[in-house]
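The exercises below can be worked through with the sequence and the model side by side. Try each task before reading its solution.

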Amino acid sequence: MHCTEINGTKIYYEVRPSRRARRLGLTVYAGGRLVVTVPARSKDNPEAFLKRHAGWVLVSLRRQSGKKQLPGGVKDYKQNRPLAHRLVSERIRHFNTFYKFTVGNVTIRNTRSRWGSCSRKGNLSFSYKLVHLSPELSDYIIVHELCHLSEFNHSAAFWQLVAKTIPRYKELRHSLRSFIH
Ligand SMILES: [Zn+2]
């Protein structure tokens with residue numbers, strides 16, 4: 001671990017030599033881990049490089065430090081997809097005893113940026129990573145998509161519908177932002 005100072009803030013970083021890299025690179029991982037990738041035979045100074053990009057580094061570190069990285073990858077997907085399907089099906093059945101909407105097909109995907117979606121035809125799709133969230137959060141996502149079957153928008157009427165089974169939806173919606181897929 002290396003350490004440097006930017007604008008009076010101590011910045012810790014790792015230097016990772018890379019045979020594939022052609023030039024210096026910077027990555028900020030969830031949790032705030034900062035890695036400088038250096039081409040194997042490079043004579044460039046990682047610290048000078050870091051300082052040249054100080055603005056970006058500070059912003060990224062701030063943005064990532066509060067975020068929680070969820071597990072992922074193909075193996076994780078294969079392992080958890082059946083679980084996710086069972087969870088989603090059961091919770092849709094549960095909440096739909098209240099809503100009584102007509103639900104089309106339900107699919108589980110390895111989506112990159114979305115937790116769930118609802119098509120015009122009434123099909124619902126969810127990220128398998130729901131299984132990595134707390135029951136409260138996954139319920140919120142499931143109810144959110146379920147309610148789009150009735151309100152295909154984010155109007156006040158839509159949120160009222162969500163609130164009928166998830167009164168804490170505002171809080172949950174907010175805390176979802178601290179997860180990255
Ligand atoms: Zn929505």
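**Exercise 1. Find the spacing of the donors of the zinc ion along the chain, and then identify the protein donors**.

Solution. Along the chain, the donors of the zinc ion follow the spacing H-x3-H-x5-H. This is a predicted model, in which local features need pLDDT of at least 70 and side-chain atom pairs count only at pLDDT 80 or more, while totals for chains, interfaces and linings use all residues. Residues are numbered from 1 along each chain as its sequence is written, and side-chain values use heavy atoms, with hydrogens and water left out. Donors here are N, O and S atoms within 2.8 Å of the metal (3.2 Å for Na, K and Ca), and since water is not among the atoms, sites may look incomplete.

**Exercise 2. Describe helix α3 by its kink, its buried residues and what follows the helix**.

Solution. Begin with the extent of α3, residues 74-99, where a kink of about 45° lies at Asn 80, shortly before the proline Pro 82. The bend is the angle between axes fitted to the seven residues ending at a residue and the seven starting there, and helices (H or I, at least four residues) and strands (E, at least two) are DSSP runs, numbered from the N terminus. Next, list the buried residues of α3, among them Asn 80, Ala 84, Val 88 and Ile 92. An α-helix has 3.6 residues a turn, so residues three or four places apart point the same way. The buried residues of α3 pack against β6 (106-109), β8 (124-127), α4 (135-147) and α5 (156-163), where contact means heavy atoms within 4.5 Å. Finally, α3 is followed by Lys 100, whose phi is positive, near 60°.

**Exercise 3. Is Ser 18 buried or exposed, and which residues is Ser 18 in contact with**?

Solution. First locate Ser 18, which is found in strand β2. Its relative accessibility is 15%, and therefore Ser 18 counts as buried. Then, leaving aside neighbours within four places in sequence, the contacts of Ser 18 are Thr 37, Val 38, Pro 39 and Ala 40.

Note on methods:
Buried < 20%, exposed > 50% of the residue type's maximum accessible area, 1.4 Å probe, protein only.
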